[in-house]
Amino acid sequence: MSRRLTGFTPSGDLHLGNYIGAIAPIIAKQAVTDTVVFISDLHSLTLEHDPAEVRRRTLEFATILLAAGADPEAALFLVQSHVPEHTELHYLLECATGYGEAQRMIQFKEKSGRQNQVRMSLLTYPILMAADILLYDTDEVPVGEDQSQHVELARDVAQRFNTRYGPTFTVPRAVNPPVAARIMDLASPGDKMSKSAPSAAGVLRLLDEPDVLRRKVMRAVTDTDSVVIYDPERKPGVSNLLAILAACTGDEPQRLAGRFDRYGELKEAVADAVVATLAPLRDRYLRLADDPRHVQAVLRAGADRARGLAGAKVRQAKAAIGLLPG
Ligand code: ATP
Ligand code: MG
């Protein structure tokens, strides 16, 4: 069975795009696919951060994933920093990665260009991501365009390590989600819905109250004519609403388009479908959040299970690269 791995970096608020593009597919496949889900708390330290905020978000993200239906029995479910093998393997992989290779990462260039103080970890972050992936013999990493280059790097490093030091790692591949699974910002449908969006007006946050969700949908940007058709190029706002409705109801955006004559009707239907999808999740979240100790116990158990696999992989990598077994 092939293994899939998805990480969530605890910065910003999880939103409907994360749910449709990443969380729902995990839940749908966890019984039939070998699944690793983790909160990548170490990755949130690569940019300016508030310690209390990272801690709070880590627990919040874990609780949301459980509320959404992540099953810690079926999937490996963990917080990255609870499994020290991630950072241990990171170092070994740094020794198999070129400085130039890391510097070439587009995301590093973009993010470092916007700051005065660039953390060393921002440069080496794709190598930590390679460690996250290779540690569990991952076959598939579902990622958007922005992360494909990092998965490529993980492939290169795995292949190089295997060639130089003997077969050690499974070589992973990126799997891109379908375009329809990319949810756009309701207020600016040219941009993808994102945790780091400058404004929350067009972002349907998983923990938004139902009436807030409804208001955001009703204010979504459409266009000046009033024809409901699915055409993401020419009608990004309307098409995004149709894509959201389709994802929430398990239908096709093209087919749904024929059912509406006016934007108002479409928006009402989208608002109902979004609330029907997210309100139960929010209720389950609030119940689970009442008992953080339970969530922490789940995370401890997940880390223990993960360390079984991760420890063996790190021992293998250490021996291959030339370290004397202790
Ligand atoms: P950031 O702005 O910090 O990059 P993000 O909203 O893009 O945040 P990530 O943590 O980068 O969230 O991604 C988590 C998962 O959610 C990834 O699998 C990513 O592909 C998916 N995802 C993120 N945004 C969307 C979106 N708008 N539509 C569909 N899937 C998305
Ligand atoms: Mg992103």
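## Starting point

Helices here are DSSP runs of H or I with at least four residues, strands are runs of E with at least two, and both are numbered from the N terminus. With that in hand, take residues 10–18: this span is 33% helix and 0% strand, and its end C-alpha atoms lie 12 Å apart. The unreviewed UniProt entry annotates residues 10–18 as a short sequence motif, the 'HIGH' region. Keep in mind that everything here rests on a predicted model.

## The chain as a whole

Count up the secondary structure and you get 12 helices and five strands. The chain has a radius of gyration of 21 Å, close to the 20 Å from the globule rule for 326 residues, so it is as compact as a globular protein of that length. Laid along its principal axes, the C-alpha trace covers about 70 × 45 × 40 Å.

How much of the chain is buried? Of the 326 residues, 42% are. As for contacts with a separation of 6 or more, 76% of them join residues 24 or more positions apart.

The chain splits into domain 1, made of 3–176 + 291–321, and domain 2, covering 183–287. Their C-alpha centres sit 29 Å apart. On the contact side, 14 residues of domain 1 meet 16 residues of domain 2.

Which helix gives the largest share of the domain 1 side that touches domain 2? That's α1, with five residues. Both α1 (16–29) and α2 (51–68) supply at least two residues each to that side. Sorted by class, the domain 1 side that touches domain 2 holds seven nonpolar, six polar and one charged residues.

## The nonpolar core

The largest nonpolar core runs to 91 residues, and A130, I244 and V274 have the most contacts inside it. Helix α6 puts in the largest share of this core, 10 residues. The core also takes at least three residues from each of domain 1 (3–176 + 291–321) and domain 2 (183–287).

Have a look at A130 in the viewer. Setting aside residues up to four places away in sequence, A130 touches L93, L153, A154 and V157.

D132 is the residue that the unreviewed UniProt entry annotates as a "binding site". You'll find D132 in helix α6, residues 120–135. Is D132 buried or exposed? It has 25 C-beta neighbours inside 10 Å, and 20 or more is the cut-off, so D132 counts as buried.

Once neighbours within four places in sequence are left out, the residues in contact with D132 are L5, G7, S40, Q80 and H86.

## G237 on helix α9

Over in helix α9 (residues 236–249) there's G237. G237 counts as buried because it has 21 C-beta neighbours inside 10 Å. Leaving out neighbours within four places in sequence, G237 makes contact with P189, A220, V221, T222 and D223.

How far apart are the C-alpha atoms of G237 and R119? The two residues are 118 residues apart along the chain, and their C-alpha atoms are separated by 37 Å.

Technical notes:
Residues are numbered from 1 along each chain as its sequence is written. Chains are lettered from A and ligands numbered from 1 in the order in which they are written. This is a predicted model: local features need pLDDT of at least 70, side-chain atom pairs count only at pLDDT 80 or more; totals for chains, interfaces and linings use all residues. The radius of gyration is taken over C-alpha atoms; the globule rule is 2.2 Å times the number of residues to the power 0.38. A residue is buried if 20 or more other C-beta atoms lie within 10 Å of its own, exposed if 12 or fewer, and partly exposed in between; C-beta atoms are placed from the backbone. Two residues are in contact if their C-beta atoms, placed from the backbone, lie within 7 Å. UniProt positions are given in the numbering used here, feature names are shortened, and annotations may be inferred rather than shown by experiment. A nonpolar core is a set of buried Ala, Val, Leu, Ile, Met, Phe, Trp, Tyr and Cys residues joined through C-beta atoms within 7 Å. Domain bounds come from an automatic or database domain assignment. Ala, Val, Leu, Ile, Met, Phe, Trp, Tyr, Cys and Pro count as nonpolar, Asp, Glu, Lys and Arg as charged, and the others, Gly among them, as polar.
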